[in-house]
Amino acid sequence: MESLFLLVLGNTEISTVPGISVAGATPELTKLTPVADAEYLFHEKPLTIDVIPVTPEGHPTPAIITKAAKELANFPVIVVRGGTYLAPLVPHVHISNAVGRDFRKEPALPEFGDILKRAKLLGEELNKSSIKELVVGESTPGGTTTAQAVLWALGYDARTSSASPENPQSLKERVIAEAFSRVGLEKGQLRDNPLEALRQFGDPMMATVIGLSLGFRKDIVLAGGTQMLAVSALLKALGEALDRFMIATTKWVINDRSATFIETAREIGIITYSADLDFSKSEFKGLRDYEKGYVKEGVGAGGATWLAVKAGFSPEEVSEKVEELYRRLMSMKG
């Protein structure tokens, strides 16, 4: 087996700050988004909640792209519970049930050491197999805010993306400023102490992916948007050479002028791949709106598309499959 797709699930209390995340129909429902995404990959719809996974405006979860690529290319998927409120109702590897705290009030992840250790063990076991490459996606509502906090702590002047065309950048910056003043920290002060940046401002997804990366010594595709910039910045600060890593994202993240994806990736020194999906001709407004900056990435959509392209499918075929899956979803809505 050449490639294995891992979906790491994480929650952070930051997702319930009103206005910061649209990865769920309401701030409270963002707590269930990771399990809903994982369940949808294996079933026709989520099992934990009886709703179609959408944003407040009704845009479908990016899990629909990952599911489309998975159905075409038939690559193996393993779900990893990095730290969530609930366990998904699908087979999964349990790392922890620690949820990232509201870092304005307390350190975000006191359990980071245990998470790193367990995830590293998983990486080491996978390293013994014939797998040559891990493609690691994530579902972490609120994770672009924790990512920006970590990047700032490490000294990067980065702006992370958002699942909304109106990136709540000023809200993110206010929340991060509150957290920095709690710790008495200036931007860049933790550039030589990445684990403290992870403890104070990170989330369980980051800790899990870093642990996996320390244990699995072959190629790793970090399948995600600006959240994976924070992971790669932490890995670099921990002394990892980034030549075995790549970030696979979507063109919607690359084209997001409210974020600094390309500039920050260059500054960190990691190569990137962008999935050239196109929903502009979709019959569904929910998908056409992806072209207007809604959703953009998540659940490893860019990395899953990359695996489908490697298996001989075109981005157009992935887009067509997404259309078919969305039609099935809408028919169930009835």
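1. Basis. Local features in this predicted model need pLDDT of at least 70, side-chain atom pairs count only at pLDDT 80 or more, and totals for chains, interfaces and linings use all residues. Residues are numbered from 1 along each chain as its sequence is written, and side-chain values use heavy atoms, with hydrogens and water left out.

2. Largest pocket. A pocket here is an open set of points on a 1 Å grid over the protein atoms alone where a 1.4 Å probe fits, with protein on both sides within 12 Å along at least five of seven lines; lining residues have an atom within 4 Å of a point. The largest pocket has a volume of about 600 Å³, volume being the space filled by probe spheres set on the points. Its lining has 44 residues, and Val22, Ala23, Pro62, Ala163 and Glu297 lie nearest the centre. Helix 1 (33-42) is among the elements that supply at least two lining residues, and with three residues helix 1 gives the most. By class, the lining of the largest pocket has 20 nonpolar, 19 polar and five charged residues.

3. Second largest pocket. This pocket holds about 200 Å³ of space. Its lining includes Asp276 to Ser282 as well as Pro315, Glu316, Ser319, Glu320 and Glu323. Six of the lining residues are charged, three nonpolar and three polar.

4. Helix 2. Helices are DSSP runs of H or I with at least four residues, and strands are runs of E with at least two. Helix 2 (residues 63-73) is largely enclosed by the rest of the structure, because eight of its 11 residues are buried, that is, under 20% relative accessible area, against over 50% for exposed (1.4 Å probe, protein chains only). The buried residues of helix 2 include Ala63, Ile64 and Ile65.

5. Helices 3 and 7. The axes of helix 3 (residues 112-127) and helix 7 (residues 204-215) come within 6 Å and cross at roughly 40°. The crossing is right-handed.

6. Positive phi. Most residues other than glycine have a negative phi. Asn74 has a positive phi of about 60° and sits in the loop between helix 2 and strand 2 (77-83). Phi of Lys296 is near 75°, in the loop between helix 11 (285-288) and helix 12 (301-310). Asn74 is exposed at 64% relative accessibility, whereas Lys296 is buried at 4%.

Technical notes
Nonpolar A, V, L, I, M, F, W, Y, C, P; charged D, E, K, R; others polar. Axes fitted to C-alpha atoms, helices over the stretch in contact; angles between N-to-C directions. Left-handed = near helix turned anticlockwise from the far one by under 90°.
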